[in-house]
Structure formats: structure tokens, C-alpha cells
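The sequence and structure come next, and the entries follow.

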Amino acid sequence: MTANTQWEGVLERVDAVRWRIPKSYKAGMRVDGLIYADDALMSLIRGDKAPEQVANVACLPGIVGHSLAMPDIHWGYGFCIGGVAATDPDEGGVISPGGVGYDINCGVRLLRTNLTEADARPRIEKLINTLFDTVPCGVGRTGKYKFTAKELRHIMGQGSPWVVARGLGWDSDAIVTEAGGRIDGADPDLVQPRAIERGHAQCGTLGSGNHFLEVQVVDHVFDEPAARVMGLAKGQITVMIHSGSRGLGYQVCEDALKDLRDAPKRFGIDLPDRQLVCAPVHSKEGQKYFGAMRAAANFAWCNRQLLGHLAREAFAEVFEVPAERLGMTLVYDVAHNIAKLEEYEVGGRLRKLCVHRKGATRAFPPGHPEVPEKYRAIGQPVIIPGDMGRASYVLVGQPGAMTETFGSTCHGAGRQMSRSAAIRASKGRSIYRELLDRGVIARSRGRTGLEEEQPDAYKDVNEVVRVVDEAGISKRVARMRPIGVIKG
Amino acid sequence: MAALPPYELSDHTADILLTARGGSLADLFENAARGLLSAVGELRVVGDPGELPIVLDADDRADLLHDFLSEVLFLFETQHWVMTGAALSQLSDRRLEARLIGGPLDRDGSVLHREVKAVTYHELAIRETEGGFEARAILDI
């Protein structure tokens with residue numbers, strides 16, 4: 001599928017959905033690598049260097065358990081995309097900006113509606129056009145909302161509840177957002193001026209690349225009781241939003257990589273890849289990144305909050321009733337690029353670990369105290385975007401995630417085709433027309449956006465979620481198919 | 001060198017691999033910046049060309065290239081300023097002094113492809129070739 005060479009390293013089959021890279025594979029590995037995949041997905045995963053990156057991450061000081069990879073992994077920079085690594089700060093464990101990525105708190109938000117496909121179909125074109133006009137997307141598009149430097153500090157320090165308090169959302173929104181839309185320990189003072197300059201006009205913008213806003217129909221329900229709790233039923237319209245911390249987050253990562261470049265030498269850490277630069281969580285350098293990263297994460301929750309608000313406004317305009325009457329409540333908002341301190345029982349004792357999720361989604365099981373009360377009995381909703389032609393999913397976290405994956409599961413379909421290969425594969429075709437034939441209206445600002453993001457560029461999300469379901473780390477609740485999408 | 005283009009964008013699973021070449025280091029840096037912006041789109045500028053002086057210090061040559069490209073990206077993203085050329089007055093392994101030549105983005109005349117989030121350090125390298133220099137950098141999309 002790509003010009004990358006086949007990975008020829010050591011992989012041992014554990015069972016039908018688990019593969020181990022033994023720590024003997026490579027000098028410096030402190031723990032085994034563990035990849036979740038079936039045979040078909042593993043043959044795709046071997047197609048690039050992602051497994052080598054799983055082995056590289058296993059070299060990080062203080063890493064606990066396994067260097068983990070979800071079935072949607074692919075080659076990233078430093079960490080693979082789809083990776084999870086937990087380190088123990090009390091045992092020299094590190095925090096690595098590369099373990100979070102440039103798009104800090106990139107994540108997904110799912111809104112439900114009272115509308116059915118029959119309600120939406122007659123107005124779908126108008127709806128998608130209105131969303132495309134309402135939601136800023138694409139290169140260099142600034143937001144509808146302008147914030148002063150002081151307001152940006154509130155955004156970074158207080159997260160989405162601050163935005164909601166200004167009337168840009170509903171009170172219930174923050175309750176069903178991971179961390180309540182506000183991660184503690186954020187320090188806006190640690191965000192450097194260049195990051196503010198890059199991101200200040202971008203709160204409330206979608207961006208480009210794989211970011212999108214999608215109008216969907218619930219087309220299959222796997223778990224009726226859980227779906228009912230989320231307000232989802234077959235035939236119903238949902239809205240999914242995928243975006244992150246925009247230029248502000250990218251620059252926080254960039255600045256941290258620079259700040260930390262000498263840290264590995266200073267702390268005597270030998271790294272196989274510069275993009276893995278890191279510092280002990282308990283060090284001044286580590287804390288500096290952690291504080292700035294959390295500020296960027298809060299910015300991202302505000303961004304998705306504003307994008308959700310804009311979507312409600314567009315729906316209200318097109319259906320000519322207030323969004324409240326359309327029942328557009330937030331189902332959940334979850335991050336998939338983040339590092340957080342979380343408690344896990346490892347080796348018979350409770351330890352507070354620094355969990356890096358880079359292209360992996362938190363998946364807390366039923367009963368976990370951080371799951372909102374509404375979902376406490378069913379587990380935390382996990383939102384998995386697929387591709388714009390096939391499907392996306394809602395899952396819930398399962399107990400297996402607590403014992404095996406530090407409360408984590410997959411985050412999407414995962415690319416299987418490079419961007420240029422996708423463009424080549426589109427020669428002589430109209431992806432717009434093909435999507436239309438599948439019942440999907442697409443609008444994109446970038447000329448090559450639809451080609452690069454075409455369904456075939458991704459693995460089959462149905463297979464990815466089947467693996468995490470079978471592995472017992474999360475469970476399928478509902479599948480949605482797209483009927484309209486806007487992209488940058 | 002004649003047969004090889006000054007820059008190319010090629011395959012990396014989710015992102016873009018930028019390869020740039022130049023007979024001299026200065027040419028390499030300029031071509032790499034052009035290549036970077038070509039990933040963003042077919043960019044045109046409006047009005048008379050302007051100049052922006054920049055001075056960068058870094059640990060090594062590859063690092064300097066990374067910082068140079070990041071600066072060009074930063075100017076584009078924050079000011080919609082498009083570099084069309086560069087006059088490098090000093091370029092050692094650790095220091096770059098240059099006047100960037102360019103102007104404001106012509107939105108109507110440009111074709112925008114995608115945002116580049118960052119120039120990564122992953123597999124970032126400059127090597128000497130028969131005809132001069134070649135650099136590789138992975139762009140995060």
C-alpha cells in the first residue's frame with residue numbers, strides 16, 4: 001500500500017488479537033511491546049515502521065507494563081500513532097512530548113439529535129452547506145470568535161466550562177467531557193508567546209488534514225441499554241467533530257521539543273530517536289512541559305466546545321427550531337492525544353502513572369470514579385471516527401482496559417495508504433461523486449482533501465473495533481454511517 | 001544534480017516526506033523551504049515583494065534546517081506571509097542569517113491544499129551527495 005518497506009522484526013503471537021515484541025528484540029527495551037491486532041490487520045501493520053516505534057517507546061525510562069499499540073497503529077514520528085505508554089514518575093518515569101504529539105488533545109466530540117434520517121435527508125444539502133459556511137475550516141481560516149490575551153488565559157486555565165459560562169454551550173456539556181473539559185495543573189504562563197500568536201485566532205476552527213465535522217445516521221446498535229443511556233437509537237442523526245488544539249498546541253509541542261533537547265543527556269537517558277526526547281515527570285523540565293501541555297489540552301476542549309456550538313447554530317438555522325428542541329445534547333467528548341496522571345494497580349499496588357495516549361482513547365470501565373454519573377453503570381463512551389465513506393463507532397470502556405492497557409483503546413481506523421498514494425489512486429476518479437453515490441455529501445476547502453482522506457486510505461474501522469471488543473478493552477455500542485461531511 | 005528536482009514530496013503513512021536538494025547548503029535551505037510551502041499549496045503573493053531578516057542559532061546543521069523551516073511555516077501561519085526566496089548572508093552549521101523575500105498570501109490566486117502542523121525531527125537528516133546536499137524531513141499533517 002505504501003512505498004515503505006516491510007518490517008522484519010520479531011513478533012510473537014500471544015492469541016488471536018495480541019502480538020508481543022519481546023524485550024530481547026532490541027537493546028535498551030525495558031518492557032515487551034504488545035500490539036492488538038488480528039492476522040489481517042497485522043499484515044498491514046507490518047507494512048511500515050510502526051512496530052519498530054513500539055520497540056523504541058519500550059526504551060523510555062520508568063515505563064511500566066508494556067509499550068502498547070492499538071489495532072489502528074501506523075508509523076508516526078517518535079511514537080507510533082495508536083500507541084500507549086505509562087511511566088511511573090516515582091521510579092524515574094518520564095514524560096515525552098512525542099508521546100502526545102503536535103496536536104495536543106486532538107479528540108472527538110459526538111452530539112445526538114432528535115432527528116431521524118427521514119427528517120434530515122430532504123435538507124441535507126442545505127445543512128452541509130450551512131455547516132461549511134458556519135464552521136471555519138481549512139488552511140489559514142480564522143475563527144468566528146476572537147479572544148483577548150486575558151480571555152485566552154482563561155481558556156487555557158479553565159477549559160470548556162469557561163466557554164460554556166459565556167453562553168457558548170449548554171451547562172450539561174462540560175459534565176460529559178473528559179476531565180470535565182478542564183484538566184487540573186494547566187499553567188498558561190508556561191505557554192510561550194509564539195504558541196499564543198499561532199493559536200489565538202484559531203479557537204473555534206476545525207483545521208485540515210484528517211479533521212472533520214460529520215453528520216451521521218446510527219445504522220446499527222450493538223448494545224441497546226447502553227445506547228439508550230447515551231440517547232442513541234437506530235435511524236437517528238448524530239454529529240461527530242474531530243479536531244484538536246490547532247496552532248497553539250502544535251507550537252507548545254514544538255517549543256517543548258526544543259526546550260527538552262538536552263534533557264536526555266542531562267538525565268543520562270539514551271534514546272533511539274530524537275523525536276522521543278523526554279524528561280523525568282518529577283523534574284523541572286518535565287513539569288514545565290506538563291503544565292503547558294495541559295493548558296493546550298484545555299484550549300482544545302474549548303475549541304471542540306465552540307465547534308459543537310457552531311454546529312448547533314447551523315442545525316437550528318436549517319431546521320428552523322432552536323437546537324434545544326432538536327435535542328442536540330453532547331453524548332461525550334474524549335481526547336486521543338494526551339498525557340495524564342492516572343492511578344492503576346500494577347504489581348499488586350496502586351501507582352500513579354503518567355499515561356501517554358498518542359492516537360489512543362481513554363476507555364474507563366463501568367464504576368470508574370472519573371466516568372460521569374450518567375454513564376457510571378455502562379462505562380465511559382469512547383468515540384471512534386472511521387472514514388468518511390464507511391462508518392464510525394461509539395464504544396464503552398471495559399474492565400480489561402484497566403488491567404491491560406492503562407484505560408485505553410483504539411482511536412480510529414488508522415491510515416493504510418499514504419497521502420500521495422491516495423492522490424495517485426484517485427487519478428481519473430471523482431471522490432466527491434463516489435461519496436455522493438454512497439449517500440454522502442462532502443465539502444472540502446483544500447483541493448486534495450477528499451482524495452487524501454478517501455475511504456480507501458484507511459483501514460476498515462469495523463475490523464479495528466472488532467479487535468478491541470474481542471480483546472475486552474472496550475465494547476461496541478453503536479455504529480454510525482456518514483451522510484454529510486465537511487473538511488478543511 | 002540536473003536530473004533530480006530541487007524538492008519532492010513523497011510517501012509517509014500519514015504525513016509527508018520532504019526531500020530537498022541543493023548544490024550548496026544555502027540552495028538546500030531555500031529549496032527545502034519552497035518544498036515545505038508546496039505542501040501547503042500552490043501559493044502566490046500579492047503586491048510588491050518584501051523582505052524579513054531572520055537570525056537563527058542551533059545545535060547542528062539539521063537542527064538549523066528544522067528551525068529555518070519552522071520559521072517559514074510560522075510566518076505563513078501567523079501572518080499569511082509567503083516566502084518566495086531567501087538571501088542567506090551567513091550559513092554555518094550552527095548559525096543562519098538571512099533575508100527572506102516574499103509577500104502576503106494572495107488568497108484568490110492561490111490553491112491551498114492542507115495545513116502543515118510541524119516539521120518533525122523524526123529521521124531529519126542532511127547528507128552530502130555528489131552534486132551537493134540532500135535533506136529529508138517528515139512534515140506532520
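Predicted model: local features only at pLDDT ≥ 70, side-chain atom pairs only at ≥ 80, totals over all residues.

Entry 1, the hairpin. I looked up β1(A) and β2(A) and found that they form a hairpin with 2 residues between them. Strand β1 (residues 12-15) of chain A and strand β2 (residues 18-21) of chain A run antiparallel and are joined by 3 bridges. E12(A) stands opposite R20(A) in β2(A). For these entries, helices (H or I, at least four residues) and strands (E, at least two) are DSSP runs, numbered from the N terminus. Two strands pair if DSSP finds at least two bridges between them.

Residues are numbered from 1 along each chain as its sequence is written, chains are lettered from A and ligands numbered from 1 in the order in which they are written, and side-chain values use heavy atoms, with hydrogens and water left out.

W19(A) has I35(A) as its bridge partner in β3(A). The open sheet has 7 strands with mixed pairing, in the order β1-β2-β3-β4-β5-β13-β12 (chain A). Its edge strands are β1 and β12 (337-346) of chain A, each pairing on one side only. On average, neighbouring strands of this sheet are turned by 25° against each other, direction ignored. Here axes are lines fitted to C-alpha atoms, for helices over the stretch in contact, and angles run from 0 to 180 degrees between N-to-C directions.

I also checked β4(A) and strand β5 (residues 79-87) of chain A, which pair antiparallel over 6 bridges. In β5(A), G83(A) stands opposite A69(A). Helix α12 (residues 284-319) of chain A lies across β12 and β13 (349-358) of chain A, at about 110° to β12(A).

I found 3 strands in an open sheet with antiparallel pairing, ordered β4-β6-β5 (chain B). Because β4 (50-57) and β5 (81-91) of chain B stand at the edges with a single partner strand each, one side of each is left without a neighbour in the sheet. β4(B) is joined by 8 bridges to strand β6 (residues 95-104) of chain B, and L52(B) has L100(B) as its bridge partner. Helix α1 (residues 25-40) of chain B lies across β5 and β6 of chain B, running at about 165° to β5(B). Helix α2 (residues 61-79) of chain B packs on the sheet as well, touching β4, β5 and β6 of chain B.

I counted contacts (heavy atoms within 4.5 Å): 49 residues of chain A are in contact with 39 residues of chain B. Between them the chains bury about 3600 Å², 47% of it on carbon and sulfur atoms; buried area is the accessible area (1.4 Å probe) that two parts lose on being put together, summed over both. W75(A), V139(A) and R198(A) supply 17% of the area that chain A buries against chain B, more than any other three residues.

How many salt bridges are there between chain A and chain B? I find 10 salt bridges, each a side-chain nitrogen of Lys or Arg within 4 Å of a carboxyl oxygen of Asp or Glu. One of them joins D59(B) to R261(A), with the closest N and O atoms 3.4 Å apart.
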